[in-house]
Amino acid sequence: RPMEWNGNRSSVTMFVLRDLSDEKELQLILFPIFLGIYLVTLIWNLGLILLIRMDSQLHTPMYFFLSFLSFIDICYSSSISPRMLSDFLKDENTISFIVCAIQYFVVPWMGLAECCLLAAMAYDRYMAIGSPLQYSAIMAPGLCGKMVTGVYVSGFLSSLSQTVSCFHLYYCGPNIIQHFFCDLPAIIPLSCSNPFISQIILVLEAIFIVFGSLLVTLLSYGFIAASILKLSSGKGSAKAFNTCASHLAAVTLFLGTALSVYMHPSSNHSRKQDKVLSVFYVILIPMLNPLIYSLRNKEIKGALKRLIKRTIY
């Protein structure tokens with residue numbers, strides 16, 4: 001039942017999600033494509049985590065953070081992809097109020113945690129290039145563990161406050177979410193009560209976490225650029241730049257697409273664009289991240305060769 005009566009008023013118990021396309025034939029074509037993307041995401045990220053854990057030469061702060069980035073990407077993709085794949089095969093994509101709240105809680109938790117983790121990785125790259133002699137002492141395992149804990153706790157508390165404020169609102173009638181997953185900008189307009197508190201919480205978290213992470217990242221790269229300019233060797237400058245190139249690409253893709261979705265006025269025309277951009281940052285980027293970090297990384301290629309040799313011999 002989509003509605004239930006509480007005293008003298010009704011409340012929504014089920015939401016209806018919209019597919020990426022209204023054409024059933026296109027949905028059947030998209031199903032194997034997105035299934036393949038999801039499986040590749042799981043295999044690449046899980047493989048990268050295992051490789052980092054198994055090779056002692058990768059037990060450094062950079063790869064420590066990278067393994068947790070892969071874990072976040074697995075959780076991020078798994079909170080949306082299985083549900084989306086099952087919806088491709090259904091005639092009506094209903095989701096219960098509680099399940100929608102759980103999905104919404106996990107998605108921003110992983111998204112905000114990834115923002116903070118990318119900022120921590122930018123700071124790590126700055127310390128590696130700006131203070132190479134003190135790097136091992138500064139970025140000790142204890143500090144790295146505390147940074148990762150802070151990343152997850154910040155994302156958890158922020159997501160919890162968003163979820164409670166959003167799903168504590170009263171939903172009395174419209175129950176069609178104009179998106180393929182439970183996303184705050186698509187849910188709040190369905191509320192029959194004043195969403196002012198939810199919107200304020202969302203704005204504050206965007207300022208402190210998203211833009212705070214972006215500021216830390218930009219400052220870190222500003223100091224990195226200053227450190228590279230001080231290097232007299234052209235070879236050293238190129239090596240330092242290559243160290244940061246993959247991380248800079250990941251930050252640009254993730255924050256660029258996420259901000260383009262949430263930082264423009266809503267309209268009927270923009271909903272389709274939002275769906276396409278959302279597919280990019282919640283489905284494709286978790287698949288691309290391990291490829292971005294591994295493609296030109298000699299240390300990961302070397303670790304993979306050593307693992308193959310140990311397996312064979």
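Trainee: In which sense do β3 and β4 pair, and over how many bridges?
Mentor: Strand β3 (residues 14-17) and β4 pair in the antiparallel sense over three bridges, where two strands count as paired if DSSP finds at least two bridges between them, and where strands (E, at least two residues) and helices (H or I, at least four residues) are DSSP runs numbered from the N terminus. Please keep in mind that this is a predicted model, in which local features need pLDDT of at least 70 and side-chain atom pairs count only at pLDDT 80 or more, while totals for chains, interfaces and linings use all residues. Residues are numbered from 1 along each chain as its sequence is written, and side-chain values use heavy atoms, with hydrogens and water left out.

Trainee: Which residue of β4 stands opposite Met14?
Mentor: Met14 stands opposite Ser96 in β4, and the bridge partner of Val16 in β4 is Thr94.

Trainee: And what does Val16 have as its bridge partner in β5?
Mentor: In β5 the partner is Ile176, and there β3 and β5 pair in the parallel sense over two bridges.

Trainee: What is the strand order in the sheet?
Mentor: The order is β4-β3-β5 in an open sheet of three strands with mixed pairing, and the edge strands, each pairing on one side only, are β4 (94-96) and β5 (176-177). Helix α4 packs on this sheet and touches β3, β4 and β5, with its direction making about 85 degrees with that of β4; contact means heavy atoms within 4.5 Å.

Trainee: Switching to helices, how do α1 and α11 pack?
Mentor: Helix α1 (residues 24-54) and helix α11 (residues 298-312) pack at an angle of about 80 degrees, with their axes 10 Å apart. Axes are lines fitted to C-alpha atoms, for helices over the stretch in contact, and angles run from 0 to 180 degrees between N-to-C directions. That angle makes α1 roughly perpendicular to α11, since angles of 65 to 115 degrees count as roughly perpendicular, under 35 as roughly parallel, over 145 as roughly antiparallel and the rest as oblique.

Trainee: Which residues make that contact?
Mentor: Leu48, Leu51 and Met54 of α1 meet Ile300, Ala303, Leu304, Leu307 and Arg310 of α11.

Trainee: Is Tyr152 buried or exposed?
Mentor: Tyr152, which is found in helix α6 (residues 141-167), is buried, with a relative accessible area of 15%; buried means under 20%, exposed over 50%, and partly exposed in between, using a 1.4 Å probe and protein chains only. Not counting residues up to four places away in sequence, Tyr152 touches Phe68, Phe71, Ile72 and Trp109.

Trainee: What about Ser278, buried or exposed?
Mentor: Ser278, in helix α10 (residues 268-294), is buried, with a relative accessible area of 0%. By contrast, Lys301, which lies in helix α11, is partly exposed at 42%.

Trainee: Last topic, which residues touch the most other members of the largest nonpolar core?
Mentor: Of its 57 residues, those are Phe34, Phe65, Leu66, Met121, Phe254, Tyr281 and Ile283, and the largest share of this core, 11 residues, comes from helix α4 (residues 97-130). A nonpolar core is a set of buried Ala, Val, Leu, Ile, Met, Phe, Trp, Tyr and Cys residues joined through side-chain atoms within 4.5 Å.
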